[in-house]
Amino acid sequence: MDYTSQAETEARIKTFMESCGFKAAIGTVGGFGFGALIGLFMSSMSIGMPMEMPGVKVPGQKTFAQRQQMTAIETFKDMGREMGTRAYSTGKNFAVMSAIFAGTECLIESHRAKHDVVNSISAGCFTGGVLGLRGGPKAGAFGCVGFAAFSAVIDTYLGL
């Protein structure tokens, strides 16, 4: 391989790695991993035996009497399933949030041709607004303001 073809290959790789799709994909994978760790940690802090409410049946939830009859191995497996479910669920949520934020920030940065705090504040506002819209326009507005403020604080603190 001569120097020219090696330089062309390196340029193509660099272009690919700087693309918004690649940055969004990296954000998605990283967000899922980080969210899964948070979900795993948070599930270990939750109450292991939920209280039964008279007349309320939760699909798949064991009653108190059924939990008392479980062996230690069954209890351990049940806890593992609950922790895995929580880790997966939280990981998916963080993956979606990271994909929206990273993709939006990259698109804004590409359009503006600047790398500054305005990009992350705008991307934070868009991400929070999109995620908050499920709760209505008021929740979308609060999500926009909250994510934008958080993005501004993080960028200011980290000096990006």
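## Overall make-up

The accessible surface of the protein comes to about 11300 Å², and carbon and sulfur atoms account for 70% of this area. The model is a predicted one. Of its 160 residues, 24% count as buried.

The protein has six helices and zero strands, so that from the N terminus on the order of elements reads α-α-α-α-α-α. Among contacts between residues at least 6 apart in sequence, 56% join residues at least 24 apart.

## Disulfides

A disulfide is a covalent bond between the sulfur atoms of two cysteines. The structure holds two of them.

The angle about the S-S bond is -80°, which makes the link of C20 and C106 left-handed. Both C20 and C106 are buried.

The other disulfide joins C125 and C144, whose sulfur atoms lie 1.7 Å apart. Here too the pair links distant parts of the chain, with C125 in helix α5 and C144 in helix α6, 19 residues apart. The link of C125 and C144 is left-handed, with -70° about the S-S bond. C125 counts as partly exposed because its relative accessibility is 25%. C144 has a relative accessibility of 18% and therefore counts as buried, the cut-off for buried being under 20%.

## Helix α6

Helix α6 spans residues 137-158, 22 residues in all. From its first C-alpha to its last it reaches 31 Å, close to the 32 Å expected at 1.5 Å a residue. Its buried residues are G140, G143, C144, A148, S151, A152 and D155. Seen down the axis of α6, these buried residues fall within an arc of 160°, so they line one face of the helix.

The cover over the buried residues of α6 includes α4 (72-112) and α5 (117-132). On the other side of α6, the exposed residues are K138, F142, V145, F150, V153, T156 and Y157. Just after the helix, G159 takes a positive phi of about 70°.

## Salt bridges

A search of the whole structure finds three salt bridges. In one of them, the side chains of R12 and E8 meet with an N to O distance of 4.0 Å. Both residues lie in helix α1 (residues 3-17), four residues apart, which is about one turn of the helix. R12 counts as exposed because its relative accessibility is 55%, while E8 is partly exposed, with a relative accessible area of 43%.

D78 forms a salt bridge with R81, and the closest N and O atoms of this pair are 3.7 Å apart. D78 and R81 are three residues apart in helix α4, so about one helical turn separates them. D78 has a relative accessible area of 9% and is therefore buried.

R112 and D116 also meet through their side chains in a salt bridge, at 2.7 Å from N to O. R112 is partly exposed, with a relative accessible area of 29%. D116 is likewise partly exposed, and its relative accessible area is 26%.

## T90 in helix α4

T90 is found in helix α4. Its relative accessible area is 15%, so T90 is buried, given that buried means under 20%. Leaving aside neighbours within four places in sequence, T90 is in contact with G35, I38 and G39.

Terms used:
Residues are numbered from 1 along each chain as its sequence is written. This is a predicted model: local features need pLDDT of at least 70, side-chain atom pairs count only at pLDDT 80 or more; totals for chains, interfaces and linings use all residues. Side-chain values use heavy atoms; hydrogens and water are left out. Helices (H or I, at least four residues) and strands (E, at least two) are DSSP runs, numbered from the N terminus. The expected span of a helix is 1.5 Å times one less than its number of residues. Buried means under 20% relative accessible area, exposed over 50%, partly exposed in between (1.4 Å probe, protein chains only). The arc is that of the directions from the helix axis to the C-beta atoms. Contact means heavy atoms within 4.5 Å. Accessible areas come from the Shrake-Rupley method with a 1.4 Å probe; for residues, only the protein chains shown count as cover. A disulfide is a pair of cysteine sulfur atoms within 2.5 Å.
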